[in-house]
Amino acid sequence: MTKFLKLLRVEQWVKNLFVFVPLFFSGNITNLDLLLKSIFAFVVFSMIASSVYILNDYTDIESDRRHPEKKNRPLASGAISKSTAILVFILLMLFSVALIFFGHDYFARDLSRFAAVIYFYFAMNLTYTFKLKHVAIIDVCIISIGFVLRVLAGGYATGIYISQWAILLTFVLALVLALGKRRGELINAQISGKTRRALDGYNVQFADIALSISCTLAIICYLMFTLSAEVQQKFHSRVFYTVIFVVFAFLRYLQQTLVYNKTESPTKIIYKDRYIQITLVLWLAAFLLQIYFKK
């Protein structure tokens, strides 16, 4: 069971929590109907994302075997055969399609836009897996668009409007994580050799500059989000002060990346870094107070 969970990369499902963004920021987290729809979107997206991970591992078996960490993945290590991986991939695809049809009937609502986002995400990642992941800059942009699609999926599943600032913030935040991962790969490549062709279009200096610019943009986007008339009217004006937590989190991330070189896999930060974990909890608590205890 453990090897299959690793094949599905269950630990990466934390990224799919972005489907809950529309629900959370709309102040409807206590709405059971909308919460169920968001959970439904999370499950479908997780199934599709896992199928993409399997496909990516299948095409990268040889390069993963030369990587100090990726060589332990089920396909690269031989723990799971290629035929078994293909079978799991097909089952995930069928299950995802079945879930969408089930959701259409169960929730008695048109899920065509939600389905379109799911299909576009899969198609986009097909091009990423076979071609575009080897093209510098485009590769990180596709990863960032994937996070935007997660937010859109959550919005379309629940019928909640998503502001342009939220979409832009999601894109830039994901860009920060993607660039941080590329920088980590560059550092690793200096020791064991490059593991992907896209790294030919990067160097550490460029990654540092791009990462700094992206972090700055993310903070500005969040600041503008909190100062927008819509947010100021919907929440308390004190929501502006949550910027403090955001700035600290980005500074800590930059420290981990530029000083300690520990961010080849950004999701590891969420599981291991206590400073960022505490910051996220405080930010969530502050936002919850502004949304659900406005008075």
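Q: Is Arg 9 buried or exposed?
A: This is a predicted model, in which local features need pLDDT of at least 70 and side-chain atom pairs count only at pLDDT 80 or more, while totals for chains, interfaces and linings use all residues. Residues are numbered from 1 along each chain as its sequence is written, and side-chain values use heavy atoms, with hydrogens and water left out. Arg 9 lies in the loop between α1 (2-8) and α2 (21-25), where helices (H or I, at least four residues) and strands (E, at least two) are DSSP runs numbered from the N terminus. Buried means under 20% relative accessible area, exposed over 50% and partly exposed in between (1.4 Å probe, protein chains only), so with a relative accessible area of 9% Arg 9 is buried.

Q: What is phi of Arg 9?
A: Arg 9 is a residue other than glycine, yet its phi is positive. The value is near 50°.

Q: Which residues are linked with Arg 9 in a network of salt bridges?
A: A salt bridge is a side-chain nitrogen of Lys or Arg within 4 Å of a carboxyl oxygen of Asp or Glu. Side chains of opposite charge can pair when their charged atoms come close. The network joins Arg 9 to Asp 57, Asp 64 and Arg 73.

Q: How many salt bridges does the structure hold?
A: One of the salt bridges joins Arg 65 and Glu 62. The number in the structure is ten.

Q: What is the N to O distance in the salt bridge of Arg 65 and Glu 62?
A: The two residues are three apart in helix α4 (residues 61-65), which means that about one helical turn separates them. Arg 65 is partly exposed at 42% relative accessibility, and Glu 62 is partly exposed at 48%. Their side chains meet with an N to O distance of 3.1 Å.

Q: Which residue forms a salt bridge with Arg 182?
A: The closest N and O atoms of the pair are 2.7 Å apart. Arg 182 sits in helix α9 (residues 164-192) and its partner in helix α8 (residues 138-158), so distant parts of the chain, 43 residues apart, are linked. Both residues are buried. The partner of Arg 182 is Asp 139.

Q: Which residue forms a salt bridge with Asp 273?
A: The closest N and O atoms of this pair are 2.7 Å apart. Asp 273 is in the loop between α13 (267-272) and α14 (274-292) and its partner is in helix α12 (residues 243-259), so parts 21 residues apart in sequence are tied together. Asp 273 is buried at 6% relative accessibility, and Arg 252 is buried at 15%. The partner of Asp 273 is Arg 252.

Q: How are α3 and α6 oriented, roughly parallel or roughly antiparallel?
A: The axes of helix α3 (residues 32-59) and helix α6 (residues 82-106) come within 9 Å and cross at roughly 155°; axes are lines fitted to C-alpha atoms, for helices over the stretch in contact, and angles run from 0 to 180 degrees between N-to-C directions. Angles under 35 degrees count as roughly parallel, over 145 as roughly antiparallel, 65 to 115 as roughly perpendicular and the rest as oblique. The two helices are therefore roughly antiparallel.

Q: How many nonpolar residues are in the contact of α3 with α6?
A: Contact means heavy atoms within 4.5 Å, and the residues involved include Phe 40, Met 47 and Tyr 58 of α3 and Phe 89, Leu 92 and Gly 103 of α6. Ala, Val, Leu, Ile, Met, Phe, Trp, Tyr, Cys and Pro count as nonpolar, Asp, Glu, Lys and Arg as charged, and the others, Gly among them, as polar. Beside four polar and one charged, the nonpolar residues number 17.

Q: How far apart are the axes of α10 and α12?
A: Helix α10 (residues 204-227) and α12 pack at an angle of about 170° and are therefore roughly antiparallel. Among the residues that meet are Cys 215 and Tyr 222 in α10 and Phe 250 and Tyr 253 in α12. The contact has 13 nonpolar, two polar and one charged residues. The axes are apart by 10 Å.

Q: Which residues is Gln 290 in contact with, leaving aside its neighbours within four places in sequence?
A: Gln 290 is placed in helix α14. At 11% relative accessibility it counts as buried. The contacts are Phe 235, His 236, Arg 238 and Val 239.
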